[in-house]
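Dear colleague,

Please find the structure below, with its sequence. My notes on the packing follow it.

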Amino acid sequence: MDWRRLGFIGLIILILIGIVILVGGSRVSPLVIVVSMLATTIAVATPLTLGALCGIYCERAGVVNIGIEGMMLASAFFGWFAAIYLNTILGVAPLPSLLAGVLVAVLTGGLLGLLHAVLSVTYKVDQIIGGTVINILAIGISGFLNRQLFFEKGSIFGGQVPHAPGVLPRLRVPVLADIPVAGRIFEQQPIAVAAILLVLLTHFILFYTRWGLRTRAVGEHPRAADTVGINVSRMRYANVIIGGLIAGLGGAYFTLESVPSFEPLMTNGRGFIALAAMIFGNWSPFGAWAAALVFGAAQALQINLQFFREQIPPQWAFLQQAYIVGLVPYLLTIVILTGVIGRTTPPAADGVPYEK
Amino acid sequence: MRISELKKASERIKSVRPFFNMAIVPILAVFTALVVGALIILLAGGDPLAAYRGLFQGAVGSARAWSETTVWATPYIFAGLAVALAFKGGLFNIGAEGQLALGAVMAAWIGYKLPELLGVSLPAIVHLPLAVGAGMMAGAIWGAIPGWLKARTGGHEVINTIMMNYIALNMTSYLLNGPMKDPNPLNVVARTPEIAQSARIPPIFPGYRFHWGFVLALLVAGAVWWLLQKTTLGFEIRTAGANPDAARYAGVNVSRIIVISMMLSGMLAGLAGAIEVTALNYRHELGFSVGYGFDAIAIALLGKTHPLGVVLASLLWGAMRNGATRMQFLTQIPVDVISVIQALILLFVAADAIVRWLYRIRVEEEKLVLTRGWGG
């Protein structure tokens, strides 16, 4: 990641934090605001980070995946359903139910990854269309089952949404979490922590292992890779499925870590913003993570401004409008994609089916 | 002679072949999706036969059912044409949703606000075209922006049109909850006031909702076909879509064509919204347009991006959506199952190799290529 883009990321995050301090600094100490913004940023960047990592595995292997949104939505639903089913019907304790829910979400993502691989590698369907199929399928299935299983009379839950088993508890990073005030940043829920660990792991796998080298080879020059005996299809299948598993974990964030409920369409474009983060991060795990943090900060701005609604001065009244502050991540995505803050280069064979 | 007879027969087959080749996969895809859908209904504890009977009755079982099916199909035709036209230009417009919503907002605004602003009541001959035109304009601008970004900076239209959707959604939420909200004290919903009589398209038969917008949709489908097949601009759009490098080499200004394609596409989607407001709802309400964007993509693909195909696919989509209400009433199976079946249709159309393998069809045809990496 070059300094220009890193500087841009730092600047935007500073501006966003600055806005909150300007608005709420008179009531709450700026230090508390900075800590709160950073803690929220890391938390809400989780699905973006995981979505971007999914994109990196797929696209480094040469498969464009715009179905991340759908993978996360379907995983969010099935993970949530599994957790509730275990908790309320089978009487399993909340924490094991939630963990099993995460597992189901991850597997759902993997299954949709498999579908995407079948479409794009075996049947060579245009990958943008294949991804759209996954998105539409996820909206249809999660919407249908949500209604059929929860809201219809005579369904499993008798037309009533049962009490959810809650959300995953916070983990405390040893030592760091004990720092006064700032320790709050190091108290995060498990999927947020897993996302950061996966960034490190993915970086290691991609650039320091044989698997990573092979993955990058089939994404850059599949013919050359094939010539030296790498099975292009198998590498692509494996990476797209791994990507799907990670997107599934991102889906679990929505219903098992963020809020204990499911809403149709609740992923709200986060899968697409994750793609923008991947592009801005130049298809590298650390770059994508940094970009995801910018989007996270934009969302954290909206959340933190809610606390200071009354403090907003009249000439800044537009900041009270959640609809207007909510535009920031989307506008940011468009600006980033224009390439004015530095262009990036996708893997050479990204999106091209391999014909033997 | 036998050989000459054979030749004649093969000539006859060849003349229907192109249509057969184009239509066979979509038809089989719909059939397969209905079969899989029946299995899903069965698994979810319903009776698929009763469900499909209700679906059929509700869709085409009476004059009223037909009328409602065309009412449903009208916005699908416009929005499906929008996506199909962009496809022809090699562009993927996922933004029909936002373009449609803004078209509806603008048409509604001109519809209720313009007489108030001017202080006079306008004749319908002036007011109605202004309202519809404003909706088309709003959609055109909303489509042209990602087109321009793509042509100018290489920012990929797939992500940008989706971002434009969310921006449009936030903007309409803001407008319909604030400045444009129906001031009627009894109103608690995020919606505009009703548009003036002079901005309304009247129904054709009293008592039925079947309206002129459907007729207009058919005419527009013809116009899109004419534009793409019979004009220089259409030729340039198709060339730029099929092979941008060759088009550039042949002297086509590809950047200009990208912007124009996206603008026309957005205009058609905006028209969909404007017609919904002026011919059907007489106002814009929040949440009414959810899902049109993805439906339009499915329809464009099912119709093989051909205007006639889009019309037929829209009628099928409209029939399913319309019939689903009766199905739910008769069998308690939620209408959402239609979304699953429609997604399956799209799956089988997109992955035509699966359908070809299932039914042992060998014919190959040209493929739609959209993925050209993320760069410009």
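**Helix packing, core and contacts**

In chain B, helix α7(B) contributes B:Leu218, B:Ala221, B:Val224 and B:Trp225 to a contact with B:Pro307, B:Val310 and B:Val311 of α12(B). Here two residues are in contact if their C-beta atoms, placed from the backbone, lie within 7 Å, and helices are DSSP runs (H or I, at least four residues) numbered from the N terminus. The contact of α7(B) with α12(B) comprises seven nonpolar residues, no polar and no charged ones. Ala, Val, Leu, Ile, Met, Phe, Trp, Tyr, Cys and Pro count as nonpolar, Asp, Glu, Lys and Arg as charged, and the others, Gly among them, as polar.

This is a predicted model: local features need pLDDT of at least 70 and side-chain atom pairs count only at pLDDT 80 or more, while totals for chains, interfaces and linings use all residues. Residues are numbered from 1 along each chain as its sequence is written, and chains are lettered from A and ligands numbered from 1 in the order in which they are written.

Helices α7 (residues 212-230) and α12 (residues 307-331) of chain B pack with their axes 8 Å apart, at an angle of about 150 degrees. The axes are lines fitted to C-alpha atoms over the stretch in contact, and angles run from 0 to 180 degrees between N-to-C directions. The angle therefore makes α7(B) roughly antiparallel to α12(B) (over 145 degrees).

The largest nonpolar core has 244 residues, and B:Phe78, B:Leu81, B:Ile345 and A:Ala292 are among those with the most contacts inside it. Such a core is a set of buried Ala, Val, Leu, Ile, Met, Phe, Trp, Tyr and Cys residues joined through C-beta atoms within 7 Å; a residue is buried if 20 or more other C-beta atoms lie within 10 Å of its own. Leaving aside neighbours within four places in sequence, B:Ile345 is in contact with B:Ala29, B:Val30, B:Ala33, B:Ala298 and B:Leu302.

Between the chains, 41 residues of chain A are in contact with 44 residues of chain B. On the chain A side, α6(A) supplies the largest share, 15 residues. That side has 24 nonpolar, 13 polar and four charged residues.

Within chain A, the assignment gives domain 1 (1-44 + 283-343) and domain 2 (45-280), with bounds from an automatic or database domain assignment. Their C-alpha centres lie 24 Å apart. Across this boundary, 24 residues of domain 1 are in contact with 26 residues of domain 2. The domain 1 side divides into 20 nonpolar, three polar and one charged.

With kind regards

Notes:
A residue is buried if 20 or more other C-beta atoms lie within 10 Å of its own, exposed if 12 or fewer, and partly exposed in between; C-beta atoms are placed from the backbone. Helices (H or I, at least four residues) and strands (E, at least two) are DSSP runs, numbered from the N terminus. Angles under 35 degrees count as roughly parallel, over 145 as roughly antiparallel, 65 to 115 as roughly perpendicular and the rest as oblique.
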